[in-house]
Amino acid sequence: MSKMNWRSLIVPRQGFRRTTSLLWKKFATIAAGHPVIAWIALALIVVVTLGPINLRPMTPFGPDFERFAAFVVLGAVFALTYPKRLIYVAALIVVSCGAFEHAQHFIPDRHADFGNFLIKIAGAAVGMAGAAAIR
């Protein structure tokens, strides 16, 4: 595997838009070439969702934003990894979100909420749409 030269991404006189476009293309290439990244992201979300409450990251934006952002990343990474199987990716994410919320019924100090389920699904949809736009 070749070493990535990040300095080559910042092209003088081509502006910020060109640089960010190149960074997104590199991200898409990395995610598409390594399916293990998508599955690790899903595993991390499982740990944070079903593990002890102190494992959940806390930001000043609140838990709804955190859920949304986590599933934006998950949806984008899975869509970039499996671009020809988007229906299966969407089904996997919807079933996973439902399973996460249902499993929280059996964990002390956790509560399942249909609103959280919808936020997660919306985040995954935005991530998948963003990945489609990158490709």
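At what angle do the axes of helix α3 and helix α5 cross, and within what distance do they come? They cross at roughly 40° and come within 6 Å. This is a predicted model. The chain has 135 residues. Its secondary structure comes to 5 helices and 0 strands.

**Overall layout**

- Along the sequence, the pattern reads α-α-α-α-α.
- Buried residues account for 28% of the 135 residues in the chain.
- Take the contacts in the chain with a separation of 6 or more: 67% of them join residues 24 or more positions apart.

**Helix α3 against helix α5**

- Helix α3 covers residues 63-81, and helix α5 covers residues 114-134.
- The crossing of α3 and α5 is right-handed.
- On the α3 side, the contact is made by D64, R67, F68, F71, V72, G75, A76, A79 and L80.
- On the α5 side, it is made by N116, I119, K120, A122, G123, A124, V126, G127, M128 and A131.
- Sorted by class, this contact of α3 with α5 has 12 nonpolar, 4 polar and 3 charged residues.

**Helix α4 against helix α5**

- The axes of α4 and α5 lie 10 Å apart, and the packing angle is about 155°.
- Angles over 145 degrees count as roughly antiparallel, so α4 is roughly antiparallel to α5.
- α4 passes α5 in a right-handed crossing.
- From α4, the residues that meet α5 are L86, V89, A90, I93, V94, C97, G98, F100 and E101.
- From α5, the residues that meet α4 are N116, F117, K120, I121, A124 and M128.
- By class, the contact of α4 with α5 has 11 nonpolar, 2 polar and 2 charged residues.

**The largest nonpolar core**

- The largest nonpolar core has 19 residues.
- F71, L74, F78 and I93 touch the most other members of this core.
- Four helices each supply at least two of the core residues: α2 (35-50), α3, α4 (86-103) and α5.
- α3 gives the most to this core, with 7 residues.
- F71 has contacts beyond four places in sequence with I45, I93, C97, F100, K120, G123 and A124.
- F71 is also one of the α3 residues in the contact with α5.

- E66 sits in helix α3.
- Buried means under 20% relative accessible area. E66 has 14%, so it counts as buried.
- Leaving out residues up to four places away in sequence, E66 touches R56, P57, M58 and T59.
- E66 and R56 are 10 residues apart along the chain, and their C-alpha atoms are separated by 9.3 Å.
- N116 is found in helix α5.
- The relative accessible area of N116 is 6%, so N116 is buried.
- N116 touches D64, R67, E101 and H111, again not counting residues up to four places away in sequence.
- D64 and R67 belong to the α3 side of the contact between α3 and α5. E101 is one of the α4 residues in the contact with α5.

- D109 lies in the loop between α4 and α5.
- D109 has a positive phi of about 70° although it is not a glycine.
- Exposed means over 50% relative accessible area. D109 reaches 71%, so D109 counts as exposed.
- L118 is found in helix α5.
- With a relative accessible area of 44%, L118 is partly exposed.
- L118 and G98 are 20 residues apart in sequence. Their C-alpha atoms are 9.6 Å apart in space.
- G98 is among the α4 residues that meet α5.

How values were computed. Residues numbered from 1 in each chain as written. Predicted model: local features only at pLDDT ≥ 70, side-chain atom pairs only at ≥ 80, totals over all residues. Heavy atoms only, no water. Axes fitted to C-alpha atoms, helices over the stretch in contact; angles between N-to-C directions. Left-handed = near helix turned anticlockwise from the far one by under 90°. Contact = heavy atoms within 4.5 Å. Nonpolar A, V, L, I, M, F, W, Y, C, P; charged D, E, K, R; others polar. Core = buried A, V, L, I, M, F, W, Y, C linked by side-chain atoms within 4.5 Å. Buried < 20%, exposed > 50% of the residue type's maximum accessible area, 1.4 Å probe, protein only. Parallel < 35°, antiparallel > 145°, perpendicular 65-115°, else oblique.
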